[in-house]
Amino acid sequence: MSETSLPFHMKFEPGKLRKEEWERSIKDPEGYWDEKARALDWFKTWDKVLDESNKPFYKWFVGGVLNASYNCLDRHIKTDKKNKVAYIWEGEDGQVKTITYYQLYREVNKLAKVLQDLGVRRGDRIALYLPMIPELPIAMLAAARLGAPHVVVFSGFSAEALADRINNAGAKILVTADGSLRRGKVIELKKIADAALEKSPSVEKVLVVKYAGNNISMKEGRDLFYSDAINGVPANTYVKPEPTNSSDPLFLLYTSGTTGKPKGVEHGTGGYLVWVYWTLKWAFDVNDTDIWWCTADIGWITGHSYVVYAPLMLGLTSFMYDGAPDAPQPDRWWDMVERHGVTIIYTSPTAIRMFMKFGDDWVLRHDVSTLRALGTVGEPINPEAWLWYYRTLGKEKLPIIDTWWQTETGGFMISPTLGIELVPLKPGSATFPLPGILSEVLDDNGDPAPDGQRGYLVIKTPWPGMLQTLWQDPERYKTVYFSRFEGTYYTSDYAIRDPDGYIWFLGRADEVLKVAGHRIGTVEIESALVSHPSIAEAAVIGKADEIKGDVPVAFVVLRGNYMPSDALKAEVSKHIRNTVGPIAVPADIMFVNKLPKTRSGKIMRRLLKAVVGGASLGDISTLEDGASVEEVKKALEEMGGRIG
Ligand code: WTA
């Protein structure tokens, strides 16, 4: 579809305002951010906007002092937002709770006091392993109030994954729940947490939220119920927000890369908050009458930035849902949009494709006319899904805001901007870089790729929301992000810039998969596979999936005394579920005699992809760098595989 067939009215010169804003930010970044950062409340303003003296460890708003919880709460309770609803929360069983800014402020203060009494001090790390319930943002803000970085672990992760993260972060406290609920079934979070804690000696105390109502065991002296602890402090408790420095870490969030264990992405306070504040305003032009619904789980960066920090700083009312999207039936989301009057929904292409498959009727039976904008994130959106979203939800009137970004970038990077000017949209393109972002598409040699040709997206200058480092691993920070193209931030994403300057994303250029929008490294799945007694060697690749984007497929070589069988497949799947989590379970497990490797011992991943994707033998001759056609053929034979 061409852009001209879309009814977005071009201004006299489309993109003019946006271009002007962008140019101003690039010409004078320090002046620009000096102005923008004043939208937040600072206890002390900065001495220097950007310190570049120790590249690539950039520091923003140096000398500035602020507190994240103060910016999300205290600043509003002095205004007419005091009694405005911060969260409308709905559980899968239909239970609805609303929390005003003032109530949130009270709860956060009480929990901050509890944490303080448990010995939490500025700089201590607090791990959070919770479902999508109000206690999760409350705990994040309470930690932030004390200047204690939080480490949220997605509640779908296994005991082992949880233990790895707690241990790497050296967390002192864990806040968890008895269980979480999906389709009425209880997932025993406390039990998983208990298993993790056997391997995590740094955790001294555990607070347990009663949510699912399942029976749990409490460890004497270590575990206490959240409600008991909260009830023990006066309702009007006030804890002074810690005056944190702009570059003090606000949180660590673990994310997958191409090697080893997940990386602890460290976000600072001042730069990160300024960035998420402005990006949400720019992209969606949010205002006081909005009911904003970011459907992401808070366990991922999207939830950190756009369920918690940005909407709260902006004083918005957010909707939050804990439950399956099709419970009790496939119109659950649209029913909630109608009942709560949601004005903006921000979700993933996987969700859109799933609803597309359920059929239009589930949407059409609801009045979704309160919606005014539709957002997407997490993976490239295919034009079919974009158009379905645009037509069925948007009635061909609402803009689709496709936001490209990463855990590391803190907030949106490339996206349309309702809050500045809406450029004509093209289905499947995230459009242009936001103000402050100087991006480029490079070829293999690091030269700018010609328009229309695939290359790697890089960001050439620092921006306030960027990660500060990898937790306790500055070397890895430098290698992962600044060595592929010396001194330039490498995103690991393939992209194309079209002749109009629009950016199109084509997926990851590394061995990281986006399974239903969730980021997972193939290496993590491989190491989980080889930890099973039957498996000698394993290789995991991504296979395209109609709904989930990517799904992992595993090739495994069994140890001598094991025989391939469906029962073994099932057992291996269960093992992955228990060691990593459900998102990592391979869609297929193929037993092979040998993994195809080059002479230097590298797994021929492209050959494996070709086997799964059904390429022809002719195509494989040029598949692997440095391997001859004969080698590839031989490897394929030895593997016991077939092609084309
Ligand atoms: C992918 C999620 C295309 C991309 C916020 C990136 C996207 C990775 C988009 C980061 C988009 C995210 N279009 N691809 N709009 N948004 N991605 O860290 O591959 O979970 O590198 O952060 O998701 O995933 P992460």
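View 1. A polar contact is a pair of N or O atoms within 3.5 Å. The model is predicted; local features need pLDDT of at least 70, side-chain atom pairs count only at pLDDT 80 or more, and totals for chains, interfaces and linings use all residues. Residues are numbered from 1 along each chain as its sequence is written, and side-chain values use heavy atoms, without hydrogens and water. An oxygen atom of the ligand is 2.8 Å from an N or O atom in the side chain of Arg 508. Lys 514 has a polar side-chain atom 2.6 Å from a ligand oxygen atom.

**View 2. The protein covers 97% of the ligand's accessible area.** On its own, the ligand has 520 Å² of that area (Shrake-Rupley method, 1.4 Å probe). Helix 10 (301-313) and strand 26 (503-508) each give two or more residues to the shell. Helices are DSSP runs of H or I with at least four residues, and strands are E runs with at least two.

**View 3. The shell around the ligand has 17 residues.** Among the closest are Asp 402, Thr 403 and Arg 519.

**View 4. The second largest pocket is lined by 16 residues.** A pocket is an open set of points on a 1 Å grid where a 1.4 Å probe fits, with protein on both sides within 12 Å along at least five of seven lines; lining residues have an atom within 4 Å of a point. Trp 22 and Phe 432 are among those nearest its centre. Helix 1 (residues 16-27) gives the largest share, five residues.

Key. A residue is near a molecule or strand if one of its heavy atoms lies within 4 Å of it. A polar contact is a pair of N or O atoms within 3.5 Å; within protein, one must be able to donate a hydrogen and the other to accept it, and residues adjacent in sequence count only if both atoms are side-chain atoms.
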